[in-house]
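Me: I have a model open here and would like to talk it through with you. Could you look at it with me, chain by chain and then strand by strand?

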Protein chains: 2
Amino acid sequence: MSRPTIAAVAQAAGVSVASVSRVLNGLPATEEMAERVQRAVEQLGYVPDSRARSLKVGRTFQLTLAVADVGNPVYVTMMRAVEEVVSAAGYRLVVTTTGADVVDEVALVRGMARGYADGLLISPIRVDEDLVKSIRECGVPVVVAGNVPAKAGVDTVRANSPKGMLLAVDHLVAKGRTHIAFLNGPADTVPGTARAKGFADALKAHDLQPAGETEAADFTFAAGRAVGGEVLRSQPDAVICANDLLAVGLMHELVGAGLRVPEDVAVVGMDDSELAEQSFPPLTSVNLGSAERGRRAAELLLARIEDNDRRPRRIVVQPSLSVRRSTP
Amino acid sequence: MSRPTIAAVAQAAGVSVASVSRVLNGLPATEEMAERVQRAVEQLGYVPDSRARSLKVGRTFQLTLAVADVGNPVYVTMMRAVEEVVSAAGYRLVVTTTGADVVDEVALVRGMARGYADGLLISPIRVDEDLVKSIRECGVPVVVAGNVPAKAGVDTVRANSPKGMLLAVDHLVAKGRTHIAFLNGPADTVPGTARAKGFADALKAHDLQPAGETEAADFTFAAGRAVGGEVLRSQPDAVICANDLLAVGLMHELVGAGLRVPEDVAVVGMDDSELAEQSFPPLTSVNLGSAERGRRAAELLLARIEDNDRRPRRIVVQPSLSVRRSTP
DNA sequence: TTGTAGGCGTTATCAG
DNA sequence: CTGATAACGCCTACAA
């Protein structure tokens, strides 16, 4: 026995399907009509099928946010900002995980195709031709929080991580640290490449040589710990990490090795996520504007849903530095 | 100009809509037929409408997980476990946020009604009659990760937090701590009530008087910090916290007050989330089986989708204690 | 105010 | 193997 449809309700109430639909959607109807319909609905436990409805009206009022790793607190910040904007606009937000693999991302975008949501906000960690292609062919408005080639012709909101890197190095140098190492995530990712280049440029701007450069297997706490020893080999007096999770992982290794933060080694994270505040010592972190990026990206998405012919915008959000106790 | 439909593709390819559908779904077709269809699809940039499809086939192959706060790392653990199970079964998982308010939860369940997903897994933080009612009327299989009355007749997977609380107290007492305080979240929540009772019972079992009991405004880091001073007023030698976020918040206040963890005050969290491992010192935490709860709940959901007439099951997952350095 | 009927885009059945 | 056609469940002119 299947679920009741509007037809069943109409029959039970002894009225037409149109009347049921009207009552349910709050259109004018007799007191008595409304009464009968309501009763029938209650009795049968009728619940409208939203896909049939949206097939008809053309919208789902759902938006999807796709992130690589729900365990990364930077996405929490972004998610909160996005949620706020879209719910104010009357949409529901659903979040889905892509995994770090570009193949998964492509599959997701493909699968998302027209229907489940009115728009997609994706923050890809690896980008290739296929992904760009699938975004264009996806059939639903897409905004990318991250960096894709301008020729992709898609709305993007991205961070300025080289600038952020410079803020971090400026700060460390001002505090007298000059033997600075860099703990990166995978270099074959979009943020990985950008941050590596940013680090090199920032050091150059100060006429400094890098103390060392290490690549972790992932942008995770565990990966940060795993390469902690390697980072320390060059005996840096400061380490900049490509994100907060790596930084916290590293700090655990530092402490384990009997070093003090920040006295012996200063540590700087990136993202300025909730974890930076929660960590001990609280982590100095480059705020790459996750909240603002989320907000602007959401606004872009709403605007594109409104008018799919507007020309793509590329927004860059400027960073700032949140100084906490992990640096002197 | 609207998106191309299957009819447009059929026309462009000079074949019937049925043939287009077949080719797209990999059903037998001539080499040449497939060729023509593919070409037309490419050319028009056709992308199938998934809601029309699911309207027809009756399934979306999407499952929804609803949690109160994406910033709470316990949900990350659960999410990962759920994701693993459902994706192995060929479903995509989407996550949505309810907020702490029961009204929001009800609205979500209502809105989720039949259509957007084939099933709903919800971890409610506050439960009332309305919520139970909306779950029953929701029209799609629902599994609750948490505690709802047995008479609700819904599949549930819940933790045994009194038992977990006992593990924590046992451990502290074994280490010679007897002046134990409790930092709870809001007492009008399901976990709040359960944990408060568990704490009282566990102390009674050891013939101990509570050093103090404090209620934070939320299950968050900030809320934990905010009431840190109050917790310390009774000068406890150990504090058990209702979750890891509260515990980490408290530890920051402890350190700020010049106390050492665990020498002066031992701290125990609950949930054994990723944060417990990441915090410093690493946090001893009651593992309430979030991963297993997620897994079992997902399995229950899949089973119910398969057969909606099976009788509701109520699973209880047993806790364990993860001892780390925040206790002696 | 209410009912009838057509169509949203797809898949599945059933002839050819 | 292919094509026409009837659903899927709902909304909305249009007609009564």
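Me: Among contacts in chain A between residues at least 6 apart in sequence, what percentage join residues at least 24 apart?
Reply: Bearing in mind that this is a predicted model, 71% of those contacts in chain A join residues at least 24 apart.

Me: And what is chain A built from, in helices and strands?
Reply: Chain A has 14 helices and 12 strands, and buried residues make up 54% of its 328 residues.

Me: How does the radius of gyration of chain A sit beside that of a compact globule of 328 residues?
Reply: Such a globule would have a radius of gyration near 20 Å, whereas chain A has 25 Å; along the principal axes, the C-alpha atoms of chain A fill a box of roughly 85 × 40 × 30 Å.

Me: Which residues of chain A does the UniProt domain annotation cover?
Reply: The UniProt record, an unreviewed entry, places "domain: HTH lacI-type" on residues 4-57 of chain A. Over residues 4-57 the chain is 70% helix and 0% strand, with the end C-alpha atoms 21 Å apart.

Me: On to the DNA, then. How many residues surround DNA strand C, and which are the closest?
Reply: DNA strand C is surrounded by 24 residues, the closest being A:Ser19, A:Thr30, B:Ile6, B:Tyr46 and B:Arg53. Of the atoms of DNA strand C that come within 4 Å of the protein, sugar and phosphate account for 60%.

Me: What about a base of DNA strand C?
Reply: An N or O atom in the side chain of A:Lys56 is 3.4 Å from a base nitrogen of DNA strand C.

Me: And which residues are the closest to DNA strand D?
Reply: DNA strand D has 23 residues around it, and the closest are A:Ile6, A:Tyr46, B:Ser19, B:Arg22 and B:Thr30. For DNA strand D, 66% of the atoms within 4 Å of the protein belong to sugar or phosphate and the rest to bases.

Me: Where does B:Arg22 reach on DNA strand D?
Reply: An N or O atom in the side chain of B:Arg22 is 2.6 Å from a base oxygen of DNA strand D. H2(B) gives the most to the surface near DNA strand D, with 4 residues.

Me: Changing topic: is A:Asp69 buried or exposed?
Reply: A:Asp69 counts as buried, because its relative accessibility is 19% and the cut-off for buried is under 20%. A:Asp69 lies in the loop between strand S1 (62-67) and helix H5 (73-88) of chain A.

Me: What does its side chain make a polar contact with?
Reply: The side chain of A:Asp69 makes a polar contact, at 2.5 Å, with the side chain of B:Arg80. Leaving aside neighbours within four places in sequence, A:Asp69 is in contact with A:Tyr75, A:Thr220 and B:Arg80.

Notes: Residues are numbered from 1 along each chain as its sequence is written. Chains are lettered from A and ligands numbered from 1 in the order in which they are written. This is a predicted model: local features need pLDDT of at least 70, side-chain atom pairs count only at pLDDT 80 or more; totals for chains, interfaces and linings use all residues. Side-chain values use heavy atoms; hydrogens and water are left out. A residue is near a molecule or strand if one of its heavy atoms lies within 4 Å of it. A polar contact is a pair of N or O atoms within 3.5 Å; within protein, one must be able to donate a hydrogen and the other to accept it, and residues adjacent in sequence count only if both atoms are side-chain atoms. UniProt positions are given in the numbering used here, feature names are shortened, and annotations may be inferred rather than shown by experiment. Helices (H or I, at least four residues) and strands (E, at least two) are DSSP runs, numbered from the N terminus. The radius of gyration is taken over C-alpha atoms; the globule rule is 2.2 Å times the number of residues to the power 0.38. Buried means under 20% relative accessible area, exposed over 50%, partly exposed in between (1.4 Å probe, protein chains only). Contact means heavy atoms within 4.5 Å.
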